[in-house]
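Reader: Could you take me through this structure, please? I would like to start with how its parts meet.
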Amino acid sequence: MTVQPQAAPAAPRAGGTLGKRILAFAGHPLFRGDPQVVHGRNPYRRMLAPGSLAEADFDRPPGPGEWAAHRSLAAHRLLGTFYEAETVLLPEQGLDGLYEDFDLFYGPDLKELREGSVSDLERFAFGCLDEAVDVSGAATPEVLEAYFQHVVEEAAAGPSPALTAIAGARDRKSAADLYLVQLALDGLTEASAMSRNLAGAYGPEQSALFKIFIDEFGYGVYDAKHTTIFAKMLRSRAMATHVHAYWNFYLTGPLATNNYYYYLSRDHAKFFRYAGAVTYAEAVFAPAFVEMIKVFRDIFGDAVDLHYCDEHAHIDEHHGRITRDQVLLALAGRHGPRVVPELLRGIAEARLVGGWFEDDTAAQIRWSDDLPRHRELAGSARTGSEPPRRVVLTAESPFGTRCHDGDVVLEVERGEADLVTTPTGPPERLARGEAVLIPGGRLYGIRPATPETACALHAVPPA
């Protein structure tokens, strides 16, 4: 089996039906945002940046090498919202004052837009996996076991790019917090995608998967539930613990990773692919959390609560054995060679998408930790001949984050601006006439530091 990156097919830009439905959904008042950088304790409101969405070409799916493109970020924010509308989200403080938002989020108007768009948006967001992963050659239980063992050993041998970036950062605490925010995507709603694979009747493998699910939910004890102990870790860092507080700082790779398991779980024709993917994930989690504990202890000492990491470093080793022996290999043995290619594909896709998580997080940490150098690079960057895109912001402007497909130079033309690149680190103040280079794929937001701020975005042509 090979995993091969392919070039994205060229396609003309056009405004298709999917794009129109998406803009109608994102333009709903729930998703227009507000001036606050951190979202309030309302799980139904999140910034979908309808203004920048209008720039995205939803007639041209991202290719395997374009997973960090702006249209990919936009698609995965939408998909995550679509998927969560099929779960139950209730604010910890109660619904008082939020009944109307609850009704709107789960109501018929948005539901109709979601249901009419989700399959097309999944093909748009994940179609590149069909190009990137080629399952070829012999497909037997023996090949499955050998390939699985190979990729798990590979993952265990190499250091995490994201944790390596944290350890090498100047501002290690802000870098570590950015990593926690990416984990929060799953950590505060853990096993929600898995729950969609538990119904039905498929023998001992169903019971094995349920063992893992009930572990995640603390065997019915709320204080032992994994989401509860994840919140303790955030609280020890003086970070917000409500769902999607840091929505604006979720990166494309982590969003795609989280969405991938919902994508497989929504379509039971992909069940065997899900079984391969979840087996790979459970096998690589334990060593990853061992590495995380070392890095975070070195930065914070005993000031951070790592109960969540300790729990996963232990329990995921057990879960890895369960999924390998009682799910993956058991399904191959029971159902024969016809299901092995899908099991293999699930492993390969999970490995690939997990790499997006690591690479995206590491790149964001390195860039946000080195903004003075990117100020210098802005001065030497050669911008294109096209006129810049101009943005005017006031104190009432909603705060949102975005990325660009290619490099851009952000220049402040009037007033002053704060460039926000991490959830807890200090913003980078830019005065009139100052500029910074924003590499393609890097997430940022702009807050006005004066009553009115005008910025210009100059595209930098590829070298």
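Author: In this model, 22 residues of domain 1 are in contact with 22 residues of domain 2, where contact means heavy atoms within 4.5 Å. The model is predicted: local features need pLDDT of at least 70, side-chain atom pairs count only at pLDDT 80 or more, and totals for chains, interfaces and linings use all residues. Residues are numbered from 1 along each chain as its sequence is written, and side-chain values use heavy atoms, leaving out hydrogens and water.

Reader: Into which domains is the chain divided?
Author: There are domain 1 (18-117), domain 2 (133-369) and domain 3 (372-459); the bounds come from an automatic or database domain assignment.

Reader: How much area do domain 1 and domain 2 bury between them?
Author: They bury about 2100 Å², with 62% of it on carbon and sulfur atoms. Buried area is the accessible area (1.4 Å probe) that two parts lose on being put together, summed over both.

Reader: Which residues of domain 1 lose the most area to domain 2?
Author: Those are Trp-67, His-76 and Tyr-83, which together account for 34% of what the domain 1 side buries.

Reader: How many salt bridges does the rule find across that interface?
Author: It finds zero between domain 1 and domain 2; a salt bridge requires a side-chain nitrogen of Lys or Arg within 4 Å of a carboxyl oxygen of Asp or Glu.

Reader: On another topic, which residues line the largest cavity?
Author: The lining includes Gly-80, Glu-84, His-244 and Trp-247. A cavity is a set of points on a 1 Å grid over the protein atoms alone where a 1.4 Å probe fits but cannot get out, and lining residues have an atom within 4 Å of a point.

Terms used
1 Å grid on protein atoms, 1.4 Å probe; cavity = no way out; pocket = protein on both sides within 12 Å on 5 of 7 lines; lining within 4 Å.
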